[in-house]
Amino acid sequence: MNLLVNILKSAVFGIVQGITEWLPISSTGHLILMEHFMPLNLYTDAASNTAFWNMYKVVIQFGSILAVLLLYWKKLWPFGAKVTPKRKKRIFRTWVLIIIATVPAGIAGLLLDDWIDNTMSTPFVIACTLIIYGILFIWMENRQHHYAIEDINQVTPKKALEIGCYQILALIPGTSRSGSTIFGGTMLGFSRPAAAEFSFLMAIPVMFGASLLKIIKADITYTASGILVLLVGMFVAFIVSVLAIRYLMRYIRTHDFKVFGYYRIVLGIIVLIFGALGFLA
């Protein structure tokens, strides 16, 4: 019965992960908050459960990575039979830009991973970052826009590095990886669709590397039940991510990001109130 309950919890986490990873509202922040109300309890000791959760909340994102690979396969795979030399060159260039954009957050993640888990993964920090970036999104949409980059093929190595620096901000729970990079891209002159698409592609090496690092560093004994719970979360996250990415790309062609800014502010205030009342430790 306990395993079934944890599988159901993991499916719910997968739904939330799949939706919030690509919307600029922080997937990790939502997962951490949810864990306070419906924790995964697979081990008999608290330390192992904490170690499993610290691994789980990152590795579940691998399902979301697979969704990006599926949806953008033609833009990412240069070895297809019908791929022309010109298109192959363009795909390799895209990968170079993705790698350049990955470097800043990759280095910062390696250096700060333990500190973030032990110090920054708190409801108060999540509430503050939700509110701050909510305000920034509203401000961003109210300012005058000038889009110099309408397509990711216009992205330069310099722009890729600059947007990669914005991705460092996403290491703080509640910030949102897609949120920080979409915000950064827009500030750097990307159109909303171009910023969102490049944000999705940037996620591949960062999230894959983060997942691998967590699996290696996790101080737990992996059990069949633990692996099953993780796989369920990843599979659900994959399915939901496919739908979420398709929805967001359609949405931002005719809408701005203000609604996500307001959502972040309201959720951040709710988290602060719950924390003040003692519901969140």
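Which residues form a nonpolar patch on the surface? The members are F37, V266, I269, I270, I273, F274, L277 and F279.

## The model

This is a predicted model, in which local features need pLDDT of at least 70, side-chain atom pairs count only at pLDDT 80 or more, and totals for chains, interfaces and linings use all residues. Residues are numbered from 1 along each chain as its sequence is written, and side-chain values use heavy atoms, with hydrogens and water left out.

## The surface patch

Together, the patch residues have about 780 Å² of accessible area. Such areas come from the Shrake-Rupley method with a 1.4 Å probe, and for residues only the protein chains shown count as cover. A patch takes residues with over 30% relative accessible area and no salt bridge; like charges are joined within 9 Å, and nonpolar side chains (Val, Leu, Ile, Met, Phe, Trp, Tyr) within 5 Å.

Helix α12 (residues 258–276) gives the largest share of the patch, five residues. Helices (H or I, at least four residues) are DSSP runs, numbered from the N terminus. I270 lies in α12. Its relative accessibility is 38%, so I270 counts as partly exposed. The scale is this: buried is under 20% relative accessible area, exposed is over 50%, and partly exposed is in between (1.4 Å probe, protein chains only).

## The nonpolar cores

A nonpolar core is a set of buried Ala, Val, Leu, Ile, Met, Phe, Trp, Tyr and Cys residues joined through side-chain atoms within 4.5 Å. The largest core has 41 residues, and F190, F198 and F200 touch the most other members. Elements giving two or more residues to this core include α4 (61–71), α6 (85–120) and α10 (192–217). Its largest share, 10 residues, comes from α10. Apart from this core lies another, of 24 residues, among them F13, V59, V229 and M234.

What does F190 contact, leaving aside its neighbours within four places in sequence? The list is Y147, I149, V155, K159, I163, G185, A195 and F198. Contact means heavy atoms within 4.5 Å.

T102 sits in helix α6. T102 is buried because its relative accessible area is 13%. Not counting residues up to four places away in sequence, T102 touches Q167, M202, P205 and V206.

F208 belongs to helix α10. At 43% relative accessibility, F208 is partly exposed. Leaving aside neighbours within four places in sequence, F208 contacts F62, I65 and A203.

## Salt bridges

Side chains of opposite charge can pair when their charged atoms come close. A salt bridge is a side-chain nitrogen of Lys or Arg within 4 Å of a carboxyl oxygen of Asp or Glu. The whole structure has 10 salt bridges. One joins D113 and K217 (3.1 Å, N to O). This pair links distant parts of the chain: D113 is in helix α6 and K217 is in helix α10, 104 residues apart. D113 is buried, at 13% relative accessible area, whereas K217 is partly exposed, at 38%.

D117 and K214 also meet in a salt bridge (2.3 Å, N to O). Here both D117 and K214 are buried. A network of salt bridges links K57, D113, D114, D117, K214 and K217.

E162 and K159 pair too, with their closest N and O atoms 4.0 Å apart. Both lie in helix α8, three residues apart, about one turn of the helix.

## Cysteines

How many disulfides are there? The count is zero, where a disulfide is a pair of cysteine sulfur atoms within 2.5 Å. C128 is partly exposed, at 26% relative accessibility. C165 is partly exposed, at 39%.
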